[in-house]
Amino acid sequence: MTDKIKLAELTSAEAKELLTDEAVILIPMGSLEDQGVHAPMGDYLGAECVAHDIARKARELGVPTFVTPPIPFGGRDAFQSAHGGMSLSHGTLCAVLDDMIWSLTRQGLTKILFVNGHGGNVAPLNEVALRWRDKGVILPAFYLWKAAYGILKDILGADGAAASSGHGGDPLTSIGLHYYPEILRLDLMTDPAPADLTFMGMKVAGFAETSYDGVPIQMPIEAAEAAPHGIRGGHPKNSSADTGAKLSARLAEVGAGLIRDHVSKGFAA
């Protein structure tokens, strides 16, 4: 087995030798949007780093695992207002995913795991996965940051996790401090959005959500209106490289276990 993990670094001869029907292919994806005034816009950077750690761990478990180049542009959602952000419409992202899967499966590479780092990708992934299930291909997706919120409670305790978790806080700030601290700008860090923000006379309860009489109401709120500085919920001052290291290690452990126990077996009944 080669030390190369990135699919892009394989030569064509190595690809023919190593990318057999036993190989597992990871596809990292994320977005390019406002992650807080202090953090890089590309959360796909974190998804790609975690995907590489998952692949390394899976190889330790005996499964040949490789990582494709990331899909950097996320499915369009409330964050399309981010200055410098770029996103794909639902239909375009579905088409990109379909074409990537077609390219792999026509070569017999059907053991695929999406390593997702963006909420706007969830619906397109579900749509594409259902379509390919009808063709006999099962496509799981590991939504890293959704999993991370639960893992943070194990690392920091319920109160500690609540103090750091949120958009612009954890998990992404701690993940960034662990993998690429040199591109964060902690000197620009600011407080989370205030609790008294309103939209059309209604209290802003979250991204794309208001509250009326204590009940959540879906509304077309753009991210800048729910979090003017990209931070909502926990404070990024409570994030740390140590938390990022522990979190990424657990995500890699879970991802590698999923690969060993299920993805590598092709989800056979």
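User: Is K246 buried, partly exposed or exposed?
Analyst: This is a predicted model, and the values are computed from it. The relative accessible area of K246 is 45%. Buried means under 20% and exposed means over 50%. A value of 45% therefore makes K246 partly exposed.

User: With which residue does K246 meet in a salt bridge?
Analyst: A salt bridge needs a side-chain nitrogen of Lys or Arg within 4 Å of a carboxyl oxygen of Asp or Glu. The N to O distance for the side chain of K246 and that of its partner is 3.2 Å. The partner of K246 is D242.

User: By how much of a helix are K246 and D242 separated?
Analyst: Both residues belong to helix α8, which covers residues 241-261. Because K246 and D242 are 4 residues apart in helix α8, the separation is about one helical turn.

User: Which residue forms a salt bridge with D53, and where do the two lie?
Analyst: The closest N and O atoms of the pair are 2.8 Å apart, and the cut-off is 4 Å.

User: Is D187 buried, partly exposed or exposed?
Analyst: D187 takes part in a salt bridge with R185, at 2.7 Å from N to O. R185 has a relative accessibility of 41%, so R185 counts as partly exposed. The relative accessible area of D187 is 55%. Exposed means over 50%, so D187 is exposed.

User: How many disulfides does the structure hold?
Analyst: A disulfide is a covalent bond between the sulfur atoms of two cysteines. For a pair to count, the two sulfur atoms must lie within 2.5 Å. The number of disulfides in the structure is 0.

User: Is C94 buried or exposed?
Analyst: The cut-off for a buried residue is under 20% relative accessible area. Another cysteine, C49, has 22% relative accessibility and so counts as partly exposed. C94 has 3% relative accessibility and therefore counts as buried.

User: Which element gives the most to the lining of the largest pocket?
Analyst: The largest pocket holds about 410 Å³ of space. Of the 23 residues that line this pocket, the closest to its centre are E33, F79, G119, Y143 and H167. The elements that give two or more residues to the lining are α5 (144-164) and β7 (166-167). With 3 residues, the element that gives the most is α5.

User: How do the residues lining the second largest pocket divide by class?
Analyst: This pocket has a volume of about 180 Å³. It is lined by 13 residues, and those nearest its centre are V122, L125, N126, P140 and A141. α4 gives the most to this lining, with 5 residues. By class, the lining has 10 nonpolar, 2 polar and 1 charged residues.

User: How much space lies in the largest cavity?
Analyst: A cavity is a space where a 1.4 Å probe fits but cannot get out. A search of the whole structure finds 2 cavities of 30 Å³ or more. The lining of the largest cavity includes S31, L32, E33 and H118, and this lining divides into 3 nonpolar, 6 polar and 3 charged residues. The space in the largest cavity is about 70 Å³.

User: How many charged residues are in the lining of the second largest cavity?
Analyst: The second largest cavity holds about 60 Å³ of space. Among the residues that line it are Q35, D43, L172 and Y180. The lining has 5 nonpolar and 4 polar residues, and the number of charged residues is 1.

Notes:
Residues are numbered from 1 along each chain as its sequence is written. This is a predicted model: local features need pLDDT of at least 70, side-chain atom pairs count only at pLDDT 80 or more; totals for chains, interfaces and linings use all residues. Side-chain values use heavy atoms; hydrogens and water are left out. Buried means under 20% relative accessible area, exposed over 50%, partly exposed in between (1.4 Å probe, protein chains only). On a 1 Å grid over the protein atoms alone, a cavity is a set of points where a 1.4 Å probe fits but cannot get out, and a pocket is an open set with protein on both sides within 12 Å along at least five of seven lines; lining residues have an atom within 4 Å of a point. Grid points are joined across faces, edges and corners, and a volume is the space filled by probe spheres set on the points. Ala, Val, Leu, Ile, Met, Phe, Trp, Tyr, Cys and Pro count as nonpolar, Asp, Glu, Lys and Arg as charged, and the others, Gly among them, as polar.
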